[in-house]
Amino acid sequence: MRTPSAKPKRFRLRTRWIVLAGLLTTVGLYVGVCCVPPESFRQVNRPRDGVALKGRVAVVYSNQYQIHLAGFERLHPFDIGKYAKIYLKLQTDGYLRPEDVFVPAPLTDEQALLVHTREYLASLKSPAKVAEYLEAPYLALLPAPALNAGVVDAFRAASGGTILAGRLALKHGIAVNVGGGYHHAMPEAGGGFNLFADMSIAIRQLRKEGLIRRAAVVDLDVHQGNGTSTIFAGDADVFTFDMHEGDIYPHPKARSTLDVPLPADTGDEEYLAILRQHLGGVLDRAKPDIVFLQGGCDVLAGDPLAHLQISPQGLADRDATVIDACVQRRIPLAMVMGGGYGKDAWSAQAASIARTIRTHALAGAPPAYPPRERTAGEALYVK
Ligand SMILES: [Zn+2]
């Protein structure tokens, strides 16, 4: 004879197994879809040479730029998938193939030490410190190896990309690193979501290799590049030109060679007029062997951390103003992405890079490869 409770108990056990199996399948599918890169991203996983578009514009990117913490990275309010979205958009619009892309080696300690202190590099092993630099307190809860592999290494990869973009700019004229621009990092501390002072390291590395003597940093991110300006204060061979919104982070500001603070609500026309008013003089005074353009797209209207009113067209015009001036003067230019993590900021930045490729590699001709739709796997991977 059956006891009255036997059936419900077995039933409860079976239900539990079904729920557990369902949960594991969901997690497995999620990890499979989100963490296993689609083919177009697997092709840019390891350091290798690419091909400069028409020998003039080199694009640098690595799948290692992607911050990944098994989904936890999505807790961060910023759109940290923007690099991947830009890379994919340039590809699906026919501007480049994965094999064209130059995939950088990650930043080494030896390179980082050109700017940072040994104590600072050691502090990157502490989850509490990294969480502080990246302004993401939940990161402090993670074990150090996971944080290193998922976050610190992504910054190393993108910073290696800035060094490579510098070398490629000297060779081809223009190079775009689809990442980098960590202009708040100081020699002895990270901050403002930045770990390595990639542009400053790249300038010192190129100098060490005997490739350049003088450099200019044109920093048009909406925030002042206080790290870069501090690092090169007193260095007559590096000109730091910084146009930013005056009343927001960082406080206090550092002193650049030339600072142009702008009031909140500055729009396209006024912004471009001020940029044009200063740029020629900056290039004349700096006489740079290379220009690093920090093209942060947080100047766009609606950015969650700033209050300028620049349109996507204004952003492309801004980058064009600097890039075209450098091409005209035959100054090599390396562009890095900088900040700007609003919902659609990535697409304005992708459009600006596409314009650079159209103007300087394609001479106005349409993209070289047939445009294609994103695959379902790609769409989920960059979501
Ligand atoms: Zn910024």
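**Figure 1. The whole chain at a glance.** The protein chain has 13 helices and seven strands; helices are DSSP runs of H or I with at least four residues, strands are runs of E with at least two, and both are numbered from the N terminus. What you're looking at is a predicted model, where local features need pLDDT of at least 70, side-chain atom pairs count only at pLDDT 80 or more, and totals for chains, interfaces and linings use all residues. Residues are numbered from 1 along each chain as its sequence is written. The score pLDDT is the predictor's confidence in each residue, from 0 to 100. In the protein chain it averages 92, and 90% of the residues score at least 70. Confidence is lowest in helix 1 (residues 6–35), with a mean of 63, and highest in strand 6 (residues 290–294), at 99.

Of the 383 residues, 46% count as buried. A residue is buried if 20 or more other C-beta atoms lie within 10 Å of its own, exposed if 12 or fewer, and partly exposed in between, with C-beta atoms placed from the backbone. Now for contacts: two residues are in contact if their C-beta atoms, placed from the backbone, lie within 7 Å. Take the contacts with a separation of 6 or more: residues 24 or more positions apart account for 75% of them.

Figure 2. How many of the eleven residues of helix 3 are buried? Nine are, so helix 3 is largely enclosed by the rest of the structure. Among the buried ones you'll find Lys 82, Tyr 83, Ile 86 and Leu 90. The buried residues pack against helix 2 (39–42), helix 12 and helix 13 (376–381). Just after helix 3 comes Gly 94, with a positive phi of about 85 degrees.

**Figure 3. Helix 3 meets helix 12.** Two packed helices are described by the angle between their axes and the distance between the axes. Here, helix 3 (residues 82–92) and helix 12 (residues 345–360) pack at about 45 degrees, with their axes 9 Å apart. The axes are lines fitted to C-alpha atoms, for helices over the stretch in contact, and angles run from 0 to 180 degrees between N-to-C directions. Helix 3 and helix 12 are therefore oblique to each other. As for the labels, angles under 35 degrees count as roughly parallel, over 145 as roughly antiparallel, 65 to 115 as roughly perpendicular and the rest as oblique. Helix 3 passes helix 12 in a right-handed crossing; a crossing is right-handed if the near helix is turned clockwise from the far one by less than a right angle, and left-handed if anticlockwise. Look for Lys 82, Lys 85, Ile 86, Lys 89 and Leu 90 on the helix 3 side of the contact, and for residues including Trp 346, Gln 349 and Ile 353 on the helix 12 side. The contact residues divide into seven nonpolar, two polar and three charged. Ala, Val, Leu, Ile, Met, Phe, Trp, Tyr, Cys and Pro count as nonpolar, Asp, Glu, Lys and Arg as charged, and the others, Gly among them, as polar.

**Figure 4. Helix 10 beside helix 11.** The axes of helix 10 (residues 268–286) and helix 11 (residues 312–328) come within 10 Å and cross at roughly 15 degrees. That makes helix 10 roughly parallel to helix 11. Their crossing is right-handed. Helix 10 brings residues including Tyr 271, Leu 275, Arg 276 and Leu 279 to the contact, while those from helix 11 include Asp 317, Arg 318 and Val 322. The tally for this contact is seven nonpolar, two polar and four charged.

**Figure 5. A loop with cis peptide bonds.** Most residues other than glycine have a negative phi, and most peptide bonds are trans. Zoom in on Pro 250, in the loop between strand 4 and strand 5. A cis peptide bond joins Tyr 249 and Pro 250, with omega about 0 degrees. The bond from His 251 to Pro 252 is cis too, with omega near -10 degrees. Is His 251 buried or exposed? With 8 C-beta neighbours inside 10 Å, His 251 counts as exposed. His 251 and Asn 226 are 25 residues apart in sequence and 9.3 Å apart in space, C-alpha to C-alpha.

Figure 6. Lys 54 isn't a glycine, yet its phi is positive, about 50 degrees. Lys 54 lies in the loop between helix 2 and strand 1 (57–60), and is partly exposed, with 14 other C-beta atoms within 10 Å. Phe 193, also not a glycine, has a positive phi of about 75 degrees. You'll find Phe 193 in the loop between strand 2 (174–177) and helix 8 (198–208). Phe 193 is partly exposed, with 18 other C-beta atoms within 10 Å.
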